[in-house]
Amino acid sequence: METTIKIKSPLYIGEAVHELIKDVIRDYPVIADEGTKFPFCTWKRISGSELGSKDGPYSRTQLVEILVVDDHYEGSVQNAEKVYNKLNGFRGSVRGFNINEITLNTSSESYTENGYVQRLVFNIEWS
């Protein structure tokens, strides 16, 4: 009897992101819980695409935005750097995803709701 491995949907790529950064900073999908103490980060999918053939997709790409928030500017930069170091260049299997490579796509910073925000957008290529 053959066993086939079902590839996870791109809707679950956040599971891989969480697994990789959970030891670096408290993280939440999309929005932090009300009253969350600094520092923390949120992550969300912002776009994705698939390349395929008649046999199905062979390469998938997801852009994931991570917002690192702290009440001190320097802390926001330091925590963003920890997230960057954990994700950028990563290759391997995580939570059912065979990640070909994670690369930083863009970054920016801002201030909102009493917190300094470092915005990191990563391109995650997986198959």
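1. In helix 1 (residues 13-21), the buried residues are Ile13, Gly14, Ala16, Val17, Leu20 and Ile21. Buried means under 20% relative accessible area, exposed over 50%, and partly exposed in between (1.4 Å probe, protein chains only). Looking down the axis of helix 1, you'll find its buried residues within an arc of 155 degrees, so they line one face of the helix. That arc is taken from the directions from the helix axis to the C-beta atoms. Helices (H or I, at least four residues) and strands (E, at least two) are DSSP runs, numbered from the N terminus.

2. Keep in mind that this is a predicted model: local features need pLDDT of at least 70, side-chain atom pairs count only at pLDDT 80 or more, and totals for chains, interfaces and linings use all residues. Residues are numbered from 1 along each chain as its sequence is written, and side-chain values use heavy atoms, with hydrogens and water left out.

3. How many aromatic pairs does the structure hold? There are five; rings of Phe, Tyr and Trp (its six-membered ring) pair if their centres lie within 6.5 Å, and planes under 30 degrees apart count as stacked, over 60 as edge-to-face and the rest as tilted. Tyr28 and Phe40 make an edge-to-face pair, 6.3 Å centre to centre with 80 degrees between the planes. This pair links distant parts of the chain, with Tyr28 in strand 1 (residues 27-29) and Phe40 in strand 2 (residues 40-53), 12 residues apart. Both Tyr28 and Phe40 are buried.

4. Tyr111 and Tyr116 are also paired edge-to-face, at 4.8 Å centre to centre and 65 degrees between the planes. Tyr116 is partly exposed, with a relative accessible area of 29%.
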